[in-house]
Amino acid sequence: MSAVRQIDNHQVFPDPALRLAVMRIPEHGTSGQHSHTFHELVLIVDGHGKHAVGNEVYDIETGDVFVVLGDTTHGYPEADKLSLINVLYDPVHLRIPLADLGSLPGYHALFTVEPSLRRQHSFQNRLRLSIDQLAATTELVAEAEVEIHGERRGHRFMAVTHLMRLLCYLSRCYSQMETPAARPVKQISEVLGYLERHYAEPLTVEDLTRVANMSQSSLMRQFRAVLGRSPIDHLIRLRIARARHLLRYTNDPISVISDAVGFTDSNYFSRQFRKIAGISPRDFRGR
């Protein structure tokens, strides 16, 4: 069996200070599988074909949008007049500020849940854009493309700004999708969005099962399949992430921060902080 081709950053990002690129492939032929460390947002502009992820093969057609996360092995074993746009980006290097985007279930659905459950749900939960939505999406990509290849001062900032607009628009499109096939993905995505909005409140697993409209066993199983942890463990990690931000950018006492992120016991907060961050809240602030 031949080795999987690895695509390196320098092959797709000519500007090392901007790990963002757009590849337009108007006549995509068949291709073997490859992998890369960056993320790839794929827009099927026209035609149809098959997309392979590992040993799984799925049909794709005009309007389909899906995300290939870094280190995923994928390729196109069949293509019939297939035209696509690849938006390649490294979210860590670009330092994209998510702000309240995490509160939008469609964001989690498109960029976290669907890629994780793709095999289990046979790719039935992908985003499929209408003609108008596809036109709006390609326009956003074109605006980013102009800045990526531009020479005006601030072009890198503007390119990332357009990428953020694109991510938000597609997240909203997914949130509006009402197909029955998307229901399992949207259920977990609703829980993730709810946790982002209500992390400081005294939440229980029973609260989350009502949000998801799932049984507790189904919620726990699906949540672990996506994130590799329980909903409550994820909630604690969200709280600690917010606490780190407050410790870094405010002078509030640790006890106040503990309460602000949802911990009623500051000693328990300190234990969880050390468990996740590997350091106490006081030492973290000191550093």
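I take contact to mean heavy atoms within 4.5 Å. On that basis H108 touches G102, V113, S189, L192, G193 and E196, once residues up to four places away in sequence are not counted. The model I am looking at is predicted, so I note that local features need pLDDT of at least 70 and side-chain atom pairs count only at pLDDT 80 or more, while totals for chains, interfaces and linings use all residues. Residues are numbered from 1 along each chain as its sequence is written, and side-chain values use heavy atoms, with hydrogens and water left out.

I placed H108 in helix α3, residues 105-117, where helices are DSSP runs of H or I with at least four residues, numbered from the N terminus. H108 is buried, with a relative accessible area of 7%, because buried means under 20% relative accessible area (1.4 Å probe, protein chains only).

Next I looked up the nonpolar cores, each a set of buried Ala, Val, Leu, Ile, Met, Phe, Trp, Tyr and Cys residues joined through side-chain atoms within 4.5 Å. The largest has 62 residues, and those with the most contacts inside it are L20, L41, Y89, L127, L163 and L170. Helix α5, residues 155-176, gives the most to this core, with eight residues. Apart from it I found another core, of 11 residues, with V42, V53, Y58 and I60 among them. For L41, leaving aside neighbours within four places in sequence, I listed contacts that include V65, F66, V67, I85, Y89, L166 and L170.

I then turned to helix packing, with axes taken as lines fitted to C-alpha atoms over the stretch in contact and angles running from 0 to 180 degrees between N-to-C directions. The axes of α3 and α5 come within 6 Å and cross at roughly 95°; α3 and α5 are therefore roughly perpendicular to each other, the term for angles of 65 to 115 degrees. On the α3 side I noted P105, G106, Y107, A109, L110, F111 and E114, and on the α5 side L167, L170, S171, Y174 and S175.

Helix α4, residues 131-148, packs with α5 at an angle of about 165°, with their axes 7 Å apart. That makes α4 roughly antiparallel to α5, the term for angles over 145 degrees. Among the residues making this contact I recorded A136, L140 and A144 of α4, and M158, L166 and L170 of α5. The residues of the contact divide into 11 nonpolar, five polar and three charged, where Ala, Val, Leu, Ile, Met, Phe, Trp, Tyr, Cys and Pro count as nonpolar, Asp, Glu, Lys and Arg as charged, and the others, Gly among them, as polar.

Key:
Buried means under 20% relative accessible area, exposed over 50%, partly exposed in between (1.4 Å probe, protein chains only). Helices (H or I, at least four residues) and strands (E, at least two) are DSSP runs, numbered from the N terminus. Angles under 35 degrees count as roughly parallel, over 145 as roughly antiparallel, 65 to 115 as roughly perpendicular and the rest as oblique.
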